[in-house]
Each structure stands twice: as C-alpha cells, then as structure tokens.
Amino acid sequence: MNQVPAPKVSALAEGAASAAGSVLAGASRAITWSRGSRKPLHPEGDVVTGRLVRTGGDEPAGVPWLDSPGDDEVLVRFSRAIGLPRALPDIHGIAVRIPVEDRFADLLLASTGLGRFTRFVLTAGFDVGRRPLTTLLPYRGPYGPVLVAARAAADPVDLSDPVDPALSFDLLWSRGLGEWVPFARLTVSDAAGPDPAISFDPVRNPLPGLEFYGWVQRLREPAYHAARDASGRATGR
C-alpha cells in the first residue's frame, strides 16, 4: 500500500498562516464596522519628522542596511492600537518611513518586551517611551530570522530647545531569540503632530536586504488589505 508523503512543515505553516490571516482580516473589518472608524487598528496618531542615524552594531547582522552607517530624515507615526482614552493603557505603535534609493521602506513596531519570549508578546502601557517595541514577527535574514526593536534612549538628545526636548529611541536587531544589538538612534522633536492620510505597509515596503517569510506575509497581508479598503488609503497603517 502506497503511503501519502507527509506535507512539508513549511507548507503547513504557510497554510495555517493563510487561514489565520483570513481570520484577522475578518476581525479587522468587524472592528471597523463596530467602531465606525475608517481604520480598525491605530485609528488615530501623530505624524512627525525625525532623524534616523545608523552607526552599525558591535557585530555584523549580514544585512548592509543594519551594518552600515547612515543618516536619514524620516517620517514617524506614534499611535495607540485600540484607540482607548489617553487615561487608559493601550498597545503603542511606532511606524517609521525611511527613504532608500528610489523608494521608501516602512518599519512598524508595537509595544512588547525584549526577553527571549516576551519579544513576541504585545503589552499595554500609558506612554510610548515606557515599554520597548519590536516588529513582533521576524524578517528573513541571510543567517536566519531577524527582529528589530526600539527602546527609549537612556541619554535622550536635546535638539537645542529647552522647552521641547527630543524623544530618542535606540534601534536594535536580534537574530531569532539571541541578544539585542544596538545599531541606530531615532530622534524626533515631539510626539504630537497632524495625522495626514499616509499609511505604512512593511510587507509591501520592506527594509533593504530584509523581507518577511512567506507565512508572515500570508498572516499580515489580508489584514493590511482590509485596512486599506476601509480607510481608502493607498497602503497599510
């Protein structure tokens, strides 16, 4: 009797991710309908300009953008995932739009922990600077999965304005469950600004030299598509 070969683990993972992505897309549409907002998550935010200075890490990631120095003017959006009143804790998000050659890349971070497992767990807080943030899901790097994180800088920078001190975040990368390696500093003059019709999509606009695994794309893209349809915006958050 011929035996049917077992499906590959990767195929199973991608199938499960596709199913989960459809569920998330349905939930996204349901939230949009129930709250009457055009955006299911991160409904309101503040978009400001910032400066991203890359210095590279103490060890190479194998990704030139993470390993090489650079200095870019960026757009940054601060938001709260659920959109609860400011007096209540919420999951915080930071979205960064970075110019790269003839396009731009989007980096999305949500408040989590930085531990081996808490880096994959969303957490709520009162202030975006009190909790670290990660990409939550991994990129595919040349030597395995790569996560990117941000944490409030221990030595915040002052942009020569004593009334409006800068908000500063250290950016870090990690390979899988490994140690975090600082590689950049993100600085903005304020976290309050207008919220123009700009959207962020890390799947369509990945960081240079990094891309998401197929199962991550299948998990995320349906929800982003639902959000784009609901908001009428061209791309993501």
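**Exercise 1.** In this predicted model, is Asp72 buried or exposed, and with which residue does Asp72 form a salt bridge?

*Solution.*
Step 1. The relative accessible area of Asp72 is 17%. Buried means under 20%, so Asp72 is buried.
Step 2. Asp72 forms a salt bridge with Arg54, with 3.8 Å between the closest N and O atoms. The cut-off for such a pair is within 4 Å.
Step 3. Because Asp72 belongs to strand E2 (residues 70-80) and Arg54 to strand E1 (residues 45-54), the pair ties together parts that are 18 residues apart in sequence.
Step 4. Arg54 also counts as buried, at 10% relative accessibility.

**Exercise 2.** Locate Arg80 and Asp90 and state what their side chains form.

*Solution.*
Step 1. A salt bridge joins the side chains of Arg80 and Asp90, at 3.9 Å from N to O.
Step 2. Arg80 is in strand E2, while Asp90 sits in the loop between E2 and strand E3 (92-100), so parts ten residues apart in sequence are tied together.
Step 3. Arg80 and Asp90 are both buried.

**Exercise 3.** Which residue forms a salt bridge with Glu211, and how many residues apart are the two?

*Solution.*
Step 1. The partner is Arg140, and the closest N and O atoms are 2.8 Å apart.
Step 2. Glu211 lies in strand E10 (residues 211-212) and Arg140 in strand E6 (residues 139-141); the pair links distant parts of the chain, 71 residues apart.
Step 3. Glu211 is partly exposed at 39% relative accessibility, and Arg140 is partly exposed at 36%.

**Exercise 4.** How many salt bridges does the count give?

*Solution.* With the rule of within 4 Å, the count comes to six salt bridges.

Notes:
Residues are numbered from 1 along each chain as its sequence is written. This is a predicted model: local features need pLDDT of at least 70, side-chain atom pairs count only at pLDDT 80 or more; totals for chains, interfaces and linings use all residues. Side-chain values use heavy atoms; hydrogens and water are left out. Helices (H or I, at least four residues) and strands (E, at least two) are DSSP runs, numbered from the N terminus. Buried means under 20% relative accessible area, exposed over 50%, partly exposed in between (1.4 Å probe, protein chains only).
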